[in-house]
Amino acid sequence: MKNIAKVIAILLISTVPVLAQAKKAKNMDKKKILFVVTSHDKKGSTGEPTGFYLGEASHPWEVLHNAGYTIDFVSPKGGKAPVDGFDLKDPVNKEFWENAEYHNKIDNTLKPSQVNPADYAAIYYAGGHGAMWDFADNDELQKIAASIYEKGGIVGAVCHGPAGLVNIKLSNGNYLVDGKKINAFTNEEEEAVGLTKVVPFLLEDGLKAHGAKFEKSGMWQQHVTVDQRVVTGQNPQSAKRVGEAILAELKKK
C-alpha cells in the first residue's frame, strides 16, 4: 500500500507542472486581440490613395499593448496593409511604426482563413476610408467576429471601422448591432470631407438600417459608445478612448 501511495504522489507531483503550463497557455490565448485593417487602397473612382488610418491602429494598440496584450493583424486579403493618415509627428504613430515586431505584422497581415477565433479575447476594426469598400461584405471576418463575441469576447471599432459590424449576424439570426447603441463616422462628417457620393454607402445609414441605436456628437468631437460588449468610436479623435474602453471591458471578464 505504501508503494502505491508513493507512486500516486509522484504522479500527482509530475502532473502539477503540466497543468500549470496548460493554464498558462490558456491565459496567454486570452491575452491576444485581433486588429482588422483594410486591404483597399483607393477612394472609389477618384484614384486618391487610402488605407487604414494609422492613428486608429496605433492609439488603441498603445493602450492594449502596454496593458500586456499581444496584437495580431488581419486584413481581407492578407499581406501588406495600405496606410493612410501617415503622420509620424504623432509620437504614438512613430512608436508603433518603428516597432519592428508590429511593423512586420502590418507588412504581413494574416488572411482571415489563418485566424482561429478561439485565440482572441477581442476583435477591433480600425478605420480609414478603405474599410468602406472591403469590410462590410467580408463573410470570413463576420464569422470570426461573431464567434469571438458569442464566446464572451469584445467587439470594437472606430470611425469607418464599424463598416465591419454592419452585416455581422449572430447565431440567432439577428444582426450584432440590432438594438445596441452604436457610434461611427457620421453622415455630417462624411459630407464635410466631400465623400458622400464616393463611398459605397453611408456608414451611419447602414448601421441604422440593421437596427443600431446610432449615437453621435458634433463633427470631430470625441465620442465612444459601449453597449453589451460592443465598443464603438466616432472618428480618429476617439481612437485612444476606444482602446481604453475595450481594456475596461476586458477587465470585467
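Is Asp72 buried or exposed in this structure? With a relative accessibility of 11%, Asp72 counts as buried, where buried means under 20% relative accessible area, exposed means over 50%, and partly exposed covers the range in between (1.4 Å probe, protein chains only).

1. Basis of the note. This is a predicted model, in which local features need pLDDT of at least 70 and side-chain atom pairs count only at pLDDT 80 or more, while totals for chains, interfaces and linings use all residues. Residues are numbered from 1 along each chain as its sequence is written, and side-chain values use heavy atoms, with hydrogens and water left out.

2. Overall make-up. The protein chain has nine helices and ten strands, these elements being DSSP runs numbered from the N terminus (helices H or I with at least four residues, strands E with at least two). Of its 253 residues, 49% count as buried. Taking contacts (heavy atoms within 4.5 Å) between residues at least 6 apart in sequence, 77% join residues at least 24 apart. The accessible surface of the protein chain comes to about 12100 Å², and 53% of that area belongs to carbon and sulfur atoms; accessible areas come from the Shrake-Rupley method with a 1.4 Å probe, and for residues only the protein chains shown count as cover.

3. The surroundings of Asp72. The structure holds ten salt bridges, a salt bridge being a side-chain nitrogen of Lys or Arg within 4 Å of a carboxyl oxygen of Asp or Glu. In one of them Asp72 is paired with Lys105, and the closest N and O atoms are 3.0 Å apart. Because Asp72 belongs to strand β3 (residues 70-74) and Lys105 to helix α4 (residues 100-107), the pair ties together parts that are 33 residues apart in sequence. Lys105 is also buried, with a relative accessible area of 17%.

4. Glu101, with a relative accessible area of 45%, is partly exposed. Together with Lys32, the residues Asp72, Glu101 and Lys105 are linked in a network of salt bridges.

5. A further salt bridge. Glu204 and Lys216 meet through their side chains in a salt bridge of 3.0 Å, N to O. This pair links distant parts of the chain, with Glu204 in helix α8 (residues 203-209) and Lys216 in the loop between β8 and β9, twelve residues apart. Glu204 is buried at a relative accessible area of 2%, whereas Lys216 is partly exposed at 35%.

6. Packing of two helices. Helix α2 (residues 54-66) and helix α9 (residues 239-251) pack at an angle of about 35°, their axes being 8 Å apart; such axes are lines fitted to C-alpha atoms, for helices over the stretch in contact, and angles run from 0 to 180 degrees between N-to-C directions. The residues that make the contact include Gly55, His59 and Val63 of α2, and Gly243, Ile246 and Leu250 of α9.

7. Trp220 and its loop. Trp220 lies in the loop between β8 (213-215) and β9 (224-227), and its relative accessibility of 34% makes it partly exposed. With Val193 and Met219, Trp220 makes a nonpolar surface patch of about 250 Å². Patches are made of residues with over 30% relative accessible area and no salt bridge, with like charges joined within 9 Å and nonpolar side chains (Val, Leu, Ile, Met, Phe, Trp, Tyr) within 5 Å.

8. Backbone points to check by eye. Most residues other than glycine have a negative phi. Trp220, although not a glycine, has a positive phi of about 65°, and Cys159, also not a glycine, has a positive phi of about 60°. Cys159 is placed in the loop between β6 (154-158) and β7 (181-183), and Cys159 is buried, with a relative accessible area of 4%.

9. Ser147. Ser147 lies in helix α6 (residues 139-150) and, at 21% relative accessibility, counts as partly exposed. Ser147 and Ser171 are 24 residues apart in sequence, and their C-alpha atoms are 9.0 Å apart in space.
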